[in-house]
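Student: I am new to this structure and would like to learn how its features are read. Could you take me through a few of them, with the general idea before each case?

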Amino acid sequence: MTIRPTNSPATNFSVALLEEFVRLGVRDIVLSPGSRSQAIALAAAEFEKHGLLRLRVRIDERVGAFLALGLAVETQSPVLVVTTSGTAVANLHPAVLEAHHSAVPLIIISADRPDSLRGIGSNQTTQQPGIFGTAVHQTWDVEAPTGAAGEMDAAAQLARDAVAAVNGPVHLNLSFDEPLSAPFVWHPTENEVAPEPAAHREPVFPDLFSDLDPVVENTTHQSPGAPTTLALSPSPATVVVAGTGAGPRAEQVARELGAPLIAEVSSGAHFGPNLVVAYRELLNTANFGDRVARVIVFGHPTLSREIPALIQRRGVETVVVRHPSADDYNPGRCVRLFVDEVSVSGEATDRAWLGRWVTTSRQLLETESIAPDIDADAGTHAKSELAIVRTPVDRRMLAEAVWRATWPHDRLVLGASRLIREVDRVVPGKKISVHANRGLAGIDGTISTGLGIALASQAEKGNEGVTRVLLGDLAIFHDVGALMFGAGEPRPRIQVIVGNDGGGTIFDVLEVASQAGESFDRVLLTQQNASIEALAAAYGWRYVFAATRGELDQALSAHPEPTIIEVPLTRQ
């Protein structure tokens with residue numbers, strides 16, 4: 001395809017920039033409306049019409065940024081986030097911080113005033129270069145294009161530089177002067193088809209682009225040294241810990257070492273024969289936690305106090321296998337060694353250590369069966385079944401029901417609330433896709449992230465999975481704007497399951513509950529009485545109220561409409 005240059009340098013630059021991103025394999029773009037960014041927005045809409053980009057539009061920049069985060073988490077590919085100038089850029093900061101601490105590839109593109117309008121009180125003008133501080137890996141402050149020779153080449157080079165640097169978020173701050181946009185004529189070439197999202201395709205505009213250097217201001221992070229690999233041998237008193245971002249490698253190493261696997265539910269390693277679900281209890285039990293001498297850590301553990309306490313205990317040797325994130329995991333600065341990978345030599349011969357952990361964990365999780373009495377007469381049996389389906393839902397039942405309903409073709413997103421800890425405490429191993437924003441463990445953007453994951457996972461034809469988002473009531477109210485679908489925006493198969501216990505009851509289980517006195521409910525619990533049903537109706541979501549086990553199991557069956565399932569929970 002080719003384009004004919006317009007009388008708007010902003011449009012010419014934007015088209016060249018997006019074309020190169022497409023050539024490099026970028027497929028998703030999320031934007032919020034604004035005047036200064038109109039050239040990119042209009043170009044993105046044209047690219048979508050020709051099947052070159054998947055465009056998502058959100059009126060709230062914070063919602064859009066977390067949506068992009070979810071898209072990038074699922075696709076493991078860079079996603080473009082476009083905003084206008086001023087406070088619009090600042091609203092991206094929470095998602096940028098989460099992406100930074102979780103190494104999620106976002107390319108932030110903010111429109112800005114040219115140099116002549118900065119520093120003189122111009123409307124919607126602030127200091128945008130550097131606004132994200134060290135949370136972005138690289139920043140470019142690009143001068144406003146004027147139509148000079150080489151500017152489209154510079155745009156293409158800028159896209160290449162951004163993609164090369166995107167180990168986490170990067171920021172392109174693009175100045176645009178008037179005219180802020182102009183219509184452009186699109187000339188498809190013969191037999192033109194949408195490009196595949198591969199990293200190495202032939203340029204679509206080979207005649208327009210060269211490798212001239214753009215006018216940019218760069219701030220780079222220090223490049224890492226040579227990768228290091230540590231050879232491990234199986235030995236008793238070893239445990240493998242998997243936090244968020246660990247992936248299946250942690251489960252493999254645990255099997256090779258013959259070691260108990262402590263894998264948080266969002267680690268990507270919560271499965272396999274070595275999994276120890278009741279790890280909190282065992283780490284505090286004699287002849288278990290006190291016998292641990294070596295800990296191998298993958299990912300970023302965040303869901304318990306027992307893990308950092310173990311690592312900081314005298315006599316425990318800890319090895320952390322690095323993963324892409326802002327900081328190395330190092331509780332109390334007690335970690336002895338950081339490596340990029342581990343290898344295991346030799347076979348584990350003593351299975352007693354592993355067997356004790358796995359067996360005892362299973363015993364601790366066993367509860368009294370609530371199945372109907374199969375030996376009872378027909379009338380008693382029917383009454384027993386009816387009593388089961390009428391059982392009020394508690395946190396454990398909610399956690400187990402959502403886990404049971406989710407399969408490998410589905411996606412599960414867990415909010416940073418009391419419920420993720422309940423899931424982590426009780427659910428058995430299962431190899432399913434689980435995500436939680438644990439980089440900074442904030443409650444903001446949970447629904448937006450889930451929608452991004454849903455849209456990306458369901459983009460391919462034939463994928464009939466559903467995305468379930470399990471969160472607390474405060475988290476849904478914190479991300480209400482995510483519930484809005486604009487005209488023309490796709491509506492994925494998604495269930496938002498809200499455990500409504502009337503506020504931030506996670507504080508009830510912390511020390512502050514016994515210290516705060518009468519101020520506790522107002523400044524920590526922050527009770528709310530808003531109607532989730534009315535909220536669902538206002539935004540056009542299907543609503544289900546599920547107070548019993550039977551109602552919950554029925555509600556969790558897949559449904560094509562975006563659905564909010566409200567589950568009432570008691571505070572204690």
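Tutor: Let us begin with ring pairs: rings of Phe, Tyr and Trp (its six-membered ring) pair if their centres lie within 6.5 Å, and planes under 30 degrees apart count as stacked, over 60 as edge-to-face and the rest as tilted. This is a predicted model, in which local features need pLDDT of at least 70 and side-chain atom pairs count only at pLDDT 80 or more, while totals for chains, interfaces and linings use all residues. Residues are numbered from 1 along each chain as its sequence is written, and side-chain values use heavy atoms, with hydrogens and water left out.

Student: How many aromatic pairs does a search of the whole structure find, and which residues do ring pairs link into a cluster?

Tutor: A pair of aromatic rings is described by the distance of the centres and the angle of the planes. The search of the whole structure gives 3 aromatic pairs, and ring pairs join Phe288, Trp353 and Trp357 into a cluster. The centres of the phenylalanine 288 and tryptophan 357 rings are 5.5 Å apart with their planes at 85°, so this pair is edge-to-face. It links distant parts of the chain, 69 residues apart, since phenylalanine 288 lies in the loop between helix H8 (279–283) and strand E12 (294–298), and tryptophan 357 in helix H10 (residues 352–365); helices (H or I, at least four residues) and strands (E, at least two) are DSSP runs, numbered from the N terminus.

Student: Is phenylalanine 288 buried or exposed, and what of tryptophan 357?

Tutor: Buried means under 20% relative accessible area, exposed over 50%, and partly exposed in between (1.4 Å probe, protein chains only). Phenylalanine 288 is buried at a relative accessible area of 8%, and tryptophan 357, at 0% relative accessibility, counts as buried too.

Student: Which charged end sits over the ring of phenylalanine 288?

Tutor: A charge sits over a ring if NZ of Lys or CZ of Arg is within 6 Å of the ring centre and within 35 degrees of the ring normal. Over the ring of phenylalanine 288 sits the charged end of arginine 356, 4.4 Å from its centre, and the charged end of lysine 430 sits over the ring of tryptophan 407, 4.5 Å from its centre.

Student: What span should helix H1 have?

Tutor: The expected span of a helix is 1.5 Å times one less than its number of residues. For the 15 residues of helix H1 (residues 9–23) this gives 21 Å, and the end C-alpha atoms are 21 Å apart, which agrees. H1 is mostly covered, with 15 of its 15 residues buried, and just after H1 glycine 25 takes a positive phi of about 105°.
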